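Q: Please take a close look at one residue and its surroundings, and then follow the helices onward from there. I'd like the terms spelled out with their cut-offs as you go.

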Amino acid sequence: AIALYRPGPMDSIPKYIENSRNREKIEYPDERLRDILGVTYGCIVYQEQVMQIFRELAGYTYGRADIVRRAMSKKKQDVMENERQVFLYGTPDGNIEGAIKRGVDKKTALQIFDDMADFAKYAFNKSHASAYSYLTYQTAYLKCYYPAEYMASLISLSLDDEDKINSYVAE
């Protein structure tokens with residue numbers, strides 16, 4: 001939920017819920033995505049999945065896939081336009097074959113690339129999402145079972161912000 005509840009991935013929440021309840025209806029634009037996206041019900045949820053898709057469908061190296069992931073997250077449009085061509089057709093030296101040469105039709109490859117680019121702008125990596133989830137659980141536990149102490153600590157941390165203090169006291 002933490003990884004999905006972000007501006008880019010948030011669009012996948014209805015699909016994620018529907019697919020989690022109806023696994024037989026999950027469709028993959030390319031069968032090679034089944035191993036990558038199967039654990040997340042056909043949805044891209046983590047940055048690592050984007051990197052795996054680049055590697056599996058277009059033949060990227062680990063290093064190049066990570067460079068693309070970083071460019072996506074930093075919204076570097078010039079880099080992304082170049083990588084769109086590499087993802088589709090590969091590199092002139094043949095180090096990266098490209099999705100079309102690896103058997104993905106152009107329309108599907110473009111759709112997959114666009115989905116990844118939209119998703120990756122605000123995506124978490126899996127370890128980041130796990131750490132946030134753990135911290136969220138601990139915070140909710142403290143707020144539920146030790147509400148006075150929890151709120152007192154929030155107020156103590158916000159002594160220089162009257163608006164926050166008022167908000168915490170009201171709560």
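A: Happy to! Let's begin with Asn19, which sits in helix α1 (residues 13-21). Helices here are DSSP runs of H or I with at least four residues, strands are runs of E with at least two, and both are numbered from the N terminus. Before going further, please keep in mind that this is a predicted model: local features need pLDDT of at least 70, side-chain atom pairs count only at pLDDT 80 or more, and totals for chains, interfaces and linings use all residues. Residues are numbered from 1 along each chain as its sequence is written, and side-chain values use heavy atoms, with hydrogens and water left out.

Back to Asn19: with a relative accessibility of 8%, Asn19 counts as buried. Buried stands for under 20% relative accessible area, exposed for over 50%, and partly exposed for what lies in between, using a 1.4 Å probe and protein chains only. Once neighbours within four places in sequence are set aside, Asn19 is in contact with Ile26 and Tyr41, where contact means heavy atoms within 4.5 Å.

Tyr41 deserves a stop of its own. Tyr41 belongs to the loop between α2 (33-37) and α3, and its relative accessible area of 17% makes Tyr41 buried as well.

Tyr5 is exposed at 60% relative accessibility. Not counting residues up to four places away in sequence, Tyr5 touches Met10 and Ile13. Its C-alpha atom is 30 Å from that of Val104, 99 residues apart along the chain.

The loop that holds Tyr41 leads on to α3, which covers residues 47-58 and includes Arg55. Arg55 is partly exposed, at 28% relative accessible area. Beyond four places in sequence, Arg55 touches Tyr60, Thr61, Tyr62, Ala65 and Arg102. By contrast, 25 Å separates the C-alpha atoms of Arg55 and Arg23, which are 32 residues apart along the chain.

A length check is handy here: the 12 residues of α4 (62-73), at 1.5 Å a residue, should span 16 Å, and the end C-alpha atoms are 17 Å apart, which agrees. The expected span is 1.5 Å times one less than the number of residues. Also in α4 is Arg64, partly exposed at 25% relative accessibility. Residues up to four places away aside, Arg64 touches Asn82, Glu83, Val86, Thr91 and Ile96. After α4 comes Lys75, with a positive phi near 55°.

Now let's jump to α8. Its buried residues include Tyr150, Met151 and Leu154, and an arc of only 90° around the axis puts these three on the same side of α8. Ala148 and Glu149, on the other side of α8, are exposed. Among the elements covering the buried residues of α8 are α7 (126-145) and α9.

Finally, the packing of α8 (147-157) against α9 (162-170): the angle is about 170° and the axes are 9 Å apart. Axes are lines fitted to C-alpha atoms, for helices over the stretch in contact, and angles run from 0 to 180 degrees between N-to-C directions. The angle therefore makes α8 roughly antiparallel to α9; over 145 degrees counts as roughly antiparallel, under 35 as roughly parallel, 65 to 115 as roughly perpendicular and the rest as oblique. Met151, Leu154 and Ile155 of α8 make this contact with Ile165, Tyr168 and Val169 of α9. The residues of the contact divide into 6 nonpolar, no polar and no charged, with Ala, Val, Leu, Ile, Met, Phe, Trp, Tyr, Cys and Pro counted as nonpolar, Asp, Glu, Lys and Arg as charged, and the others, Gly among them, as polar.

Key: Arc of directions from axis to C-beta.
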